[in-house]
Amino acid sequence: MQTNIRKWGNSAGTIIPAPVLAEAGLRVGDAIQIEVVDGTIVIRQAAPVYRLEDLLEATPSDKLALDDEDKQWLHDAPVGRESD
């Protein structure tokens with residue numbers, strides 16, 4: 001499909017047709033990564049950024065309980081770079 005690059009404030013933008021978005025597995029509002037590779041503009045879905053707080057909040061509380069195996073090593077001293 002062909003489209004045009006248009007002025008958008010101090011930048012430029014284009015319309016991505018819905019079938020192209022669908023084929024790429026993208027939706028309006030998705031974060032994307034954009035780069036130039038060998039003179040070609042490449043757009044791909046950005047890798048998600050996770051915050052520990054969000055992951056812990058989304059984890060069911062029963063999954064955060066320590067079992068006997070966890071308790072065995074919980075108070076062990078670091079053996080590598082765990083404390084860095």
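The model is predicted, so local features need pLDDT of at least 70 and side-chain atom pairs count only at pLDDT 80 or more, while totals for chains, interfaces and linings use all residues. Residues are numbered from 1 along each chain as its sequence is written, and side-chain values use heavy atoms, with hydrogens and water left out.

**Overall build**

- The protein chain holds three helices and four strands, where helices (H or I, at least four residues) and strands (E, at least two) are DSSP runs numbered from the N terminus.
- Followed along the sequence, these elements give the pattern β-β-α-β-β-α-α.
- The radius of gyration, taken over C-alpha atoms, is 23 Å for the protein chain, whereas a compact globule of 84 residues would have one near 12 Å; the globule rule is 2.2 Å times the number of residues to the power 0.38.
- Of the 84 residues, 4% count as buried, a word that stands for under 20% relative accessible area, with exposed meaning over 50% and partly exposed in between (1.4 Å probe, protein chains only).

**The nonpolar patch**

- Met1, Ile16, Val20, Ile32, Ile34, Val36, Ile41 and Ile43 make a nonpolar surface patch of about 790 Å².
- β3 (32-37) and β4 (40-45) each supply at least two residues of the patch, and β3 gives the most, with three residues.
- Met1 lies in the segment before β1 (5-8) and is exposed, with a relative accessible area of 74%.

Methods:
Patch = residues over 30% accessible without salt bridge, like charges linked within 9 Å, V, L, I, M, F, W, Y side chains within 5 Å. Areas by Shrake-Rupley, 256 points an atom, 1.4 Å probe, with all protein chains shown as cover. Salt bridge = Lys/Arg side-chain N within 4 Å of Asp/Glu carboxyl O.
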